[in-house]
Amino acid sequence: MENIELLNKEKMISGKGIYKRYNIGTENEIEILHGIDIDVYKGEFVSIVGQSGSGKSTLMNIIGILDRPSAGEYTLDGIDVSKARDNELSRIRNQKIGFVFQTYNLIPRTSALKNVELPMMYAGVRGKVRTEKAKELLEMVGMKERMLHTPDELSGGQKQRVAIARSLMNDPSIILADEPTGALDSKTGRMIMDLFHKLHEEKGITIVLITHSNELAEETERVLTLRDGIITGERRGETYDLRKREAGAERIVC
Amino acid sequence: MILENVKLALSGLYANKIRTFLTMLGIIIGIASLIAIMTVSDSMNNSVMAQMSGMGANNIEFFLMSKSYDENQRAPKDSDYYDDKTFEAINNAFQGQIKGISLTKSVGSTKITDKKKYANVEISGVNKTAMDANKLNMVAGHNFGNSEYDGVHKLAIVSDKYVNNLFDGDANKALGQKLEFMTGSKYYSYTIVGVYKYSEGSGSSFSMGTSEKDMSTPCYITLNAAIAQLKDKGLYDSFTVVANDGVDATALSTSITDYINKTFYKNNDTYEAYGYSMKEEIDSTKSMLSTQKMAFMAIGAISLLVGGIGVMNIMVVSIMERTREIGTRKALGATNGQIRLQFITEAIVICLVGGIIGVILGIIFGMVASHMMSYQGSPSVVGIVASVLFSVVFGVFFGFYPANKAAKMNPIDALRYE
């Protein structure tokens, strides 16, 4: 029943038979991904869950086109990226993907505002337009008051909110969040997860969450389980609908 | 994008003030020493050249030289010296190429006293060519007339310093006065007919370190008068040939030397003529000075090179430190070219700012040093422009390797870097 529902939706990510091997041609050749098929539809909140060593980082790198698959096809928002050159990949990353990392990866000694502006700077957008947009996004994540602070003056949760604002800067096709709450305490982590839900529900943003935590994964619309380089399971998040009902009853406060 | 990168570089460098300053220091010292050396050595060259060409680039000096380095060689006899016969022969053989032969007989140095007043003079007898070569600037009276060189006229020309010391600076009062001095045991008396303006370097005396009052200045009498007074036989161990303008003095020097040796010294067992042109002297001084300048500049260039390597070193370290940042930038969509440009810009900014500070310090040091050595120092504009351009080139050169390293980083490895 779910599949019929999904078929009518536009595909944001489409991977077919993705393999990733390292040290190809040497005796140390090792295959990390053994033919993965993955589809993510527009407006979906999907999680990929797996233990460490399951290949989820490798898969994330391929989804985020930081890396190319050794074999297989990968299409992002209708663009076949397996044949693109390095500079084209940079441009596609810039335009289509918003990264949120476990370690925030804000540029040190640079204000939150400048950090958020960065993706648009690389897109070649004028300073004034950029600053306006960055301020808007910082306001949305509740960081407007501290936008002139440098990362070392911000708490972990604040840094992650800045990073989320940055990921939204070029209106990406998907947000790729790699263990976004991994370095945060549970309360702050909760706030970040709530922010993702809000972005998903209110703005309809497509989000791919990569995590090792089943608990977090269950909050998402669809959960893909990765084990030893293959996807072993696909299910609807257990607490997703529950959350939605709660949200209907009382608005989520972020 | 360029402006963006410059801003980025400036804020990055500002955030690391001490490290940035230490990195720049190499460039600052290198450029400053280059500019200072150029300024000092240019002003030194100019001043030395001005002094030397004042002595006459057309002059060819002749001396007597012994043919061998025999320690027991005999002292020169009368027949070994140059005399009128030599000069006549040269005048005939090289007619048209030479302006004349300048002859000087030194009569001696003495102190002329008048009650409590005194003045030191060096008296020399000169022929017309020698007098012309001195290019005296007369302030009163007149120079020797052509007829006054013929026969023995007891006339003298003194300097304005002499007048200052003995006649309270009134040159006209000195005219017609007697100048008396002694050679052997006999007093000779000359009538002062002219006063010239003494300038440092005119004549042969360098009178550094003596007070103006004690300074010895040249006093000229005619060559014939000097010969008569010294009871001289008209023999010379040296003379100066003045070449005509446009004649290659160096070549002429060689041919006159050959001519004299062939004509007069072929059968002389001990002595021969030796001539060299002032132009040769100037050329060799010029090349010596420029060699010296090159040597100093090489030292400056080495310090600049060390500075440049320092920049490269810091850039490499800084890129290692900022691996994660580079990975993040790449993930956010920076192309390899943008990353490369960012780091090259950073290196250029370091080198350019360092270069500009270096130029300013170099000009100050150069001017102060030239001033202390009492040369007219002015920094060369070419040098300044070249230094600034050079520091940009330096930035690109020493920034390229680290920047390229940054640009080629794999974003995955860079993001994972701890």
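Chain B has a mean pLDDT of 85, with 96% of its residues at 70 or more; pLDDT is the predictor's confidence in each residue, from 0 to 100. This is a predicted model, in which local features need pLDDT of at least 70, side-chain atom pairs count only at pLDDT 80 or more, and totals for chains, interfaces and linings use all residues. Residues are numbered from 1 along each chain as its sequence is written, while chains are lettered from A and ligands numbered from 1 in the order in which they are written.

**Confidence**
- The model scores ipTM 0.91 and pTM 0.71.
- In chain B, confidence is lowest in helix α1(B) (residues 2–15), at a mean of 80, and highest in helix α11(B) (residues 323–331), at 93. Helices are DSSP runs (H or I, at least four residues), numbered from the N terminus.
- Over residues 202–207 of chain B, pLDDT stays under 50.

**Where the chains meet**
- Here 20 residues of chain A are in contact with 16 residues of chain B; contact means that C-beta atoms, placed from the backbone, lie within 7 Å.
- On the chain A side, α3 (86–96) and α4 (112–123) are the elements that give two or more residues, and α3(A) gives the most, with 6 residues.

**A look at Lys159(A)**
- Lys159(A) sits in helix α6 (residues 156–167) of chain A.
- Lys159(A) is buried, because 22 other C-beta atoms lie within 10 Å (the cut-off is 20 or more, with C-beta atoms placed from the backbone).
- Not counting residues up to four places away in sequence, Lys159(A) touches Tyr104(A), Leu106(A), Pro151(A) and Leu154(A).

Note on methods:
A residue is buried if 20 or more other C-beta atoms lie within 10 Å of its own, exposed if 12 or fewer, and partly exposed in between; C-beta atoms are placed from the backbone. Two residues are in contact if their C-beta atoms, placed from the backbone, lie within 7 Å.
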